[in-house]
Each structure stands twice: as C-alpha cells, then as structure tokens.
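Welcome, and please load the model in your viewer. We will go from stop to stop, with something to select at each one.

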Amino acid sequence: MEYIDWQDFQKVDIRVGTIIAVDDFPEARRPAYKLQIDLGAHLGVKKSSAQITDLYRPETLIGKQVLAVVNFPAKQIGPIMSECLVTGLHRDDGSVVLATVDLPLPNGARLA
C-alpha cells in the first residue's frame, strides 16, 4: 500500500449527489447504467456510467444519494461523456455496492 499525505487527500473532491435518472447502457463493454446525478446548485447535474447492474435496478436507484468524485477530467465512455466517478466497493463476487450516506444531505455536500 502506498501512503498519501493530507494534502493529497484534500485534492480529491468527493461530493454527495442524488441520482435523478437511470438509463440502460447497452453499448457498454460490461453491463452498466447511464446515470444523471444532481450535485447541487454549484455543480449541477452530471452524467456518469456505473457497472452496478448486478445489485441494482433502475427504479431502486432513483432518489438514492451517492458519493462521487467530481474533479476528474471528463472521460468518453462509449457514446457518453462521463463527468464524475460514482464510488462503490467490490464484493467478493465482483459486484459493486454503491458508496452512500446513511442520512440525507444537501446535494453537493463535500466529504470531510
């Protein structure tokens, strides 16, 4: 494991946002959804893709608050431009569990 210092950690801008739209992403190499995430008035709505189809259905994702890295450069993923990275953790079977908050927060709140 490589250690980082506090200044390195502070460079990563992780915000809470609410998933407001979910679409299938049939063009993805591995099963994924296209997400629209409301990150608050300052950041607006950002697009992302997420390989979370093993554990989540679109209807269960709407309204869910997730943690997203918002200061990576945009990245072309197939036909969409991903504007943020939705975070999650891998289970032993390879499926991804989304990183979420346990109480509601205002969209755009920064991880402290």
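Begin by selecting helix H1, residues 6-11, where you will find both tryptophan 6 and phenylalanine 9, three residues apart, or about one turn of the helix. Keep in mind as you look around that this is a predicted model.

Show the side chains of these two residues. The structure holds one aromatic pair. Its rings belong to tryptophan 6 and phenylalanine 9; their centres are 5.4 Å apart and their planes meet at 40 degrees, so the pair is tilted.

Is tryptophan 6 buried or exposed? Its relative accessibility is 51%, and because exposed means over 50%, tryptophan 6 counts as exposed. Phenylalanine 9, with 33% relative accessibility, counts as partly exposed.

**Stop two: strand S1 and its partners**

Next, select strand S1, residues 14-24. Which strands pair with S1? One is strand S4 (residues 65-69), joined to S1 in the antiparallel sense over five bridges. To see one of these bridges, pick valine 16 and look across to its partner in S4, leucine 67.

Strand S2, residues 33-38, also pairs with S1 in the antiparallel sense, here over six bridges. For an example, select aspartate 23, whose bridge partner in S2 is lysine 34.

**Stop three: the nonpolar cores**

Hide the surface and select Ile19, Leu35, Ile37, Ile52, Leu61 and Leu98. Within the largest nonpolar core, which has 17 residues, these touch the most other members. S1, S2, S4 and strand S9 (96-98) are the elements that give two or more residues to this core. Which of them gives the largest share? That is S2, with three residues.

Stay with leucine 98 for a moment and display its surroundings. Leaving aside residues up to four places away in sequence, leucine 98 touches Ile52, Tyr56, Leu61, Lys64, Val66, Val86, Thr87 and Gly88.

Another core, of five residues, lies apart from the largest one; among its members are Ile14, Leu67, Val69 and Ala99.

**Last stop: an annotated span**

Finally, select residues 8-112, which UniProt lists as "domain: TRNA-binding" in an unreviewed entry.

Technical notes
Residues are numbered from 1 along each chain as its sequence is written. This is a predicted model: local features need pLDDT of at least 70, side-chain atom pairs count only at pLDDT 80 or more; totals for chains, interfaces and linings use all residues. Side-chain values use heavy atoms; hydrogens and water are left out. Two strands pair if DSSP finds at least two bridges between them. Helices (H or I, at least four residues) and strands (E, at least two) are DSSP runs, numbered from the N terminus. Rings of Phe, Tyr and Trp (its six-membered ring) pair if their centres lie within 6.5 Å; planes under 30 degrees apart count as stacked, over 60 as edge-to-face and the rest as tilted. Buried means under 20% relative accessible area, exposed over 50%, partly exposed in between (1.4 Å probe, protein chains only). UniProt positions are given in the numbering used here, feature names are shortened, and annotations may be inferred rather than shown by experiment. A nonpolar core is a set of buried Ala, Val, Leu, Ile, Met, Phe, Trp, Tyr and Cys residues joined through side-chain atoms within 4.5 Å. Contact means heavy atoms within 4.5 Å.
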